[in-house]
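Please look over the model below.

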Amino acid sequence: MKMMKFDKICSIQASKRSTWEGKFFLTFDIDWAHDQILTDTIDLVQSFNVSATWFATHATPVLESIRRSEAFELGIHPNFNPLLLGKGGESCADNIKELQGLVLGAKSCRSHSVVDGGVIRSALRAEGITHDSNLNIPEGAGIALHPFVGSCGLTRVPYCWADEHAFTGRQSDDFLGIERRIGLVVLDFHPIHVFLNTESSDRYERTRHLHQNPKELIKHRFEGYGTRSRLMKLLEFANNT
């Protein structure tokens with residue numbers, strides 16, 4: 001079996017298969033994670049010396065440590081849900097500009113809740129975003145995935161697997177099967193689930209009040225096979241193929 005390499009979302013050229021075929025694209029939606037929780041995941045990924053893309057939601061000194069690593073890419077993870085829920089606030093363009101100011105030159109984006117649309121894509125392009133990963137096409141659909149350039153010029157990068165879908169039983173964690181069935185392999189993890197080793201929605205929901213208190217939250221880490229286990233399995237599998 002060929003060696004699976006990790007790379008960053010911004011390195012993908014849709015028309016050049018060698019930039020994405022036969023690779024894993026490991027991505028993390030930071031989702032306002034506490035610094036200690038975020039650092040825990042960063043340290044784990046760095047211990048395997050692989051590349052990853054981190055979609056940022058908020059200002060934190062930890063962003064600088066991600067930025068310093070040549071193996072890592074910082075993207076943005078804007079939250080447009082308040083607009084959809086009628087809670088007012090800033091426009092989608094303002095939200096994107098604010099995050100671009102934090103990340104400084106981000107090229108990639110995945111929206112929180114993968115909110116998507118033509119107005120959003122145009123605003124992303126206007127702020128210098130070149131790649132978006134807002135399309136979730138589960139590996140179980142059996143569709144051979146590949147990146148493509150959309151009408152507004154964004155390189156669209158579908159992702160095929162998400163940790164929250166795995167622990168709810170909506171898709172498998174057979175990374176070997178994923179690698180064999182489809183061309184583009186983009187995987188979505190969340191530091192909170194890695195830290196908690198989430199294996200069910202119940203564990204995540206009943207610990208919400210502790211998500212900004214890692215010293216207490218660690219006491220609720222699942223000791224069996226969960227999200228952290230899945231990430232370790234992926235990293236070990238890719239390094240040993």
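The report starts with the aromatic rings and then turns to a helix and a threonine.

This is a predicted model: local features need pLDDT of at least 70, side-chain atom pairs count only at pLDDT 80 or more, and totals for chains, interfaces and linings use all residues. Residues are numbered from 1 along each chain as its sequence is written, and side-chain values use heavy atoms, with hydrogens and water left out.

**Aromatic rings**

Rings of Phe, Tyr and Trp (its six-membered ring) pair if their centres lie within 6.5 Å; planes under 30 degrees apart count as stacked, over 60 as edge-to-face and the rest as tilted. The count comes to five aromatic pairs by this rule. Two of them are tabulated here.

| Pair | Centre to centre | Angle between planes | Class |
|---|---|---|---|
| Phe28 and Phe189 | 6.0 Å | 35° | tilted |
| Trp161 and Phe189 | 4.9 Å | 45° | tilted |

Helices (H or I, at least four residues) and strands (E, at least two) are DSSP runs, numbered from the N terminus. Phe28 lies in strand 2 (residues 23-29) and Phe189 in strand 10 (residues 185-189), so their pair ties together parts 161 residues apart in sequence. Trp161 belongs to strand 9 (residues 161-162) and Phe189 to strand 10, so that pair links parts 28 residues apart in sequence.

Buried means under 20% relative accessible area, exposed over 50%, and partly exposed in between (1.4 Å probe, protein chains only). Phe28 is buried, at 0%. Phe189 is buried at 0%, and Trp161 is buried at 0%. One aromatic cluster is formed by Phe28, Trp54, Phe72, Trp161 and Phe189.

**Helix 5**

Helix 5 spans residues 118-126, and its Ile120, Arg121, Ala123 and Leu124 are buried. Seen down the helix axis, the buried residues fall within an arc of 160° (taken from the directions from the axis to the C-beta atoms), so they line one face of the helix. Val119 and Ala126, on the other side, are exposed. What covers the buried residues includes strand 4 (72-76), helix 4 (92-103), strand 5 (108-109) and strand 8 (155-156). Gly128 follows helix 5, with a positive phi near 90°.

**Thr227**

Thr227 is found in helix 11 (residues 227-240). Its relative accessibility is 0%, so Thr227 counts as buried. Contact means heavy atoms within 4.5 Å. Not counting residues up to four places away in sequence, Thr227 touches Asp163, Phe167, Phe189, His193, Val194, Asn197 and Thr198. A polar atom of the Thr227 side chain lies 2.8 Å from the backbone oxygen of Thr198.

Definitions and conventions: A polar contact is a pair of N or O atoms within 3.5 Å; within protein, one must be able to donate a hydrogen and the other to accept it, and residues adjacent in sequence count only if both atoms are side-chain atoms.
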